[in-house]
Amino acid sequence: MPLLEETTLQQEPPPTVPVVIIGNGPSGICLSYLLSGYKPYFDTATVHPNPILYRKLQETKHLPITEQDLEYFSEGLEGRSRNPVAVLFDTLLHPNADFGYEFPPVLQWRREKTQHIPHLVLGKATPGGAWHAMEGSMLTISLGTWMELPGVNYRDLTNGKRRDVTSDRATPEEISSYYRNYVKLKGLQKNFADNTYVTSVQKLCRGHKGEGLEDGHTDEGDGRVGDGGKERFEGNGVECPNNGGGGALWEVRGYQEVQNNTHVPFSLFAENVVLATGASDSQVRLGVDGEDLPFVFHCISDLGLALSQRKLDMNSDPVLIVGAGLSAADAVLCACNSNIRVLHVFRKSVDDPDLIFKQLPKTLYPEYHKVYNMMCSQTYTNVDPSSASNRPQAVSIASSVCAKMCPKPQLAAGNIAVNASTSLLPDYTSFPEHCVVSLQSDMKCLLQGSNSLKAFKISMALVLIGTNPNLFFLKGQGQYLARDPTKPISCKQNLIDIHPYTFECSKEPGLFAMGPLVGDNFVRFLKGGALGIASCLLKRLKKKGKLISNEGNNFI
């Protein structure tokens with residue numbers, strides 16, 4: 001849907017939306033479903049295998065789950081998410097899934113149109129988020145049924161496709177198609193504004209000028225210098241509107257790409273903003289010299305492009321792959337399947353219990369265990385420094401973030417094994433507990449082990465060590481929202497601090513976060529964020545007597 005265009009001199013206030021969701025991946029889609037009047041009730045024809053939870057569900061079976069005490073339901077539950085509501089919603093949708101069972105959900109969904117909360121979902125592409133950009137031929141880490149959203153069976157939209165008896169995993173292409181069709185099947189299109197880029201989210205404060213908000217916020221908004229919220233509106237002759245309940249609104253600005261790559265700017269006021277942006281916006285970098293050289297890449301699709309353009313073949317120098325996660329494993333598989341030699345570098349020991357491969361059943365993920373076996377068995381054999389050609393050289397490792405985490409070797413010239421390639425295996429060689437020190441313009445990489453430095457000639461480098469969210473549209477990139485506000489937000493090490501049952505940011509009322517931003521990296525669990533947020537907003541607006549219009553959105 002096209003957004004309301006922002007004029008140069010705005011005479012009327014921008015439209016006010018009860019909820020704006022930034023991100024149209026599975027998080028945003030699931031929340032839109034719950035805000036559109038779809039209510040989860042306990043299905044009395046089912047029996048939950050957890051007897052305590054089953055008894056609780058029976059106590060108030062006439063009420064939707066969203067109107068009940070989520071903390072009470074979540075007590076005592078355990079699962080693979082640290083967010084209790086995520087564990088609750090998962091066990092209602094997939095009872096005992098971690099034990100290998102495929103029990104039916106214990107929920108039934110009812111549409112109550114008078115319970116609709118007007119909202120708008122802003123996304124950079126069509127509904128499905130980052131799934132549209134993933135390599136279409138690979139298989140998802142999760143089972144296909146775990147990727148489904150409430151109310152639409154995944155197999156119903158994929159013709160019941162199963163690859164074999166033990167595996168029901170899906171390709172990203174199948175999943176992205178499922179999410180697109182889900183929005184259509186559930187009639188959610190009117191809530192979605194596609195090809196939309198948010199550039200600024202600022203808090204506007206009612207009250208007297210100079211009256212500030214917490215965490216350094218002021219009534220001039222939280223934007224960059226010269227982009228203050230209320231001050232600018234007063235300059236345009238527009239007063240900050242009253243949201244009818246609290247003391248502030250959010251101003252959301254950005255642009256929408258339309259035909260011929262035209263950018264149409266927009267501006268909205270929101271009573272509540274939900275961050276559902278995921279974690280794939282910004283690739284984590286090594287921070288080493290040479291990382292910006294043209295043969296260094298941070299996305300697996302660049303390897304596929306090089307192969308399709310025949311820039312790599314079996315006679316090429318090895319491809320350097322950095323990382324020990326699934327993306328790095330996918331790159332190893334892609335290269336090895338194309339007969340491209342691989343140097344695989346990672347900081348962890350192959351025995352590290354935190355390696356993702358140790359958490360994956362071999363029967364479901366044989367390809368990843370193949371990579372793990374190579375990581376263990378095809379390791380680099382150190383070259384005796386005395387047999388390597390000496391190359392006097394001053395080596396600087398101070399700039400390497402990775403190198404700082406490894407023991408410092410003695411930097412004598414004899415410790416640099418420049419002919420180290422003599423110990424490489426013909427197809428794949430792993431370098432456990434190694435770091436990249438630098439990447440050089442002559443297509444060489446310098447690796448640091450426990451007691452030596454090694455140089456290798458390579459054809460390209462793929463740095464696949466994770467991604468971080470990019471919340472540039474928030475004050476200070478949203479860092480003040482994190483559990484440790486002195487460090488950037490990280491979906492692994494420094495999550496956004498939220499209330500565990502409402503997903504509202506602890507340091508910013510009216511701002512919510514879900515999905516990888518709060519530690520739920522799997523679709524199976526991020527749906528819990530939608531349940532928590534929808535429950536909070538429904539209760540809050542009902543208490544204010546503002547429930548709820550079924551006239552549809554009038555702001556797009």
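Q: Leaving aside its neighbours within four places in sequence, which residues is L31 in contact with?
A: L31 is in contact with I21, V274, M514, A530, I533 and A534, where contact means heavy atoms within 4.5 Å. This is a predicted model, in which local features need pLDDT of at least 70 and side-chain atom pairs count only at pLDDT 80 or more, while totals for chains, interfaces and linings use all residues. Residues are numbered from 1 along each chain as its sequence is written, and side-chain values use heavy atoms, with hydrogens and water left out.

Q: What makes P26 buried rather than exposed?
A: Buried means under 20% relative accessible area, exposed over 50%, and partly exposed in between (1.4 Å probe, protein chains only). P26 has a relative accessible area of 8%, so P26 is buried. P26 lies in helix α1, and the C-alpha atoms of P26 and G278 are 9.4 Å apart, although 252 residues separate them along the chain. In the chain of 556 residues, 53% are buried.

Q: Which residues touch the most other members of the largest nonpolar core?
A: They are L31, V252, L275 and I496, in a core of 83 residues. Helix α12 supplies the largest share of this core, 10 residues. A second, separate core has 31 residues, including L303 and L333. A nonpolar core is a set of buried Ala, Val, Leu, Ile, Met, Phe, Trp, Tyr and Cys residues joined through side-chain atoms within 4.5 Å.

Q: Why is α4 called roughly perpendicular to α12?
A: Helix α4 (residues 84–93) and helix α12 (residues 523–543) pack at an angle of about 110 degrees, with their axes 7 Å apart. The term covers angles of 65 to 115 degrees (under 35 is roughly parallel, over 145 roughly antiparallel, the rest oblique). That makes α4 roughly perpendicular to α12.

Q: What meets what where α4 and α12 touch?
A: V85, A86, F89, D90 and L93 in α4 meet R524, F525, K527, G528, L531 and G532 in α12. These residues divide into 6 nonpolar, 2 polar and 3 charged.

Q: At what angle do the axes of α1 and α12 cross?
A: The axes of helix α1 (residues 26–35) and α12 cross at roughly 35 degrees and come within 9 Å. The residues in α1 that meet α12 include P26, C30 and L31, and those in α12 include A530, I533 and A534. The contact of α1 with α12 divides into 12 nonpolar, 1 polar and 1 charged.

Key:
Axes are lines fitted to C-alpha atoms, for helices over the stretch in contact, and angles run from 0 to 180 degrees between N-to-C directions. Helices (H or I, at least four residues) and strands (E, at least two) are DSSP runs, numbered from the N terminus. Ala, Val, Leu, Ile, Met, Phe, Trp, Tyr, Cys and Pro count as nonpolar, Asp, Glu, Lys and Arg as charged, and the others, Gly among them, as polar.
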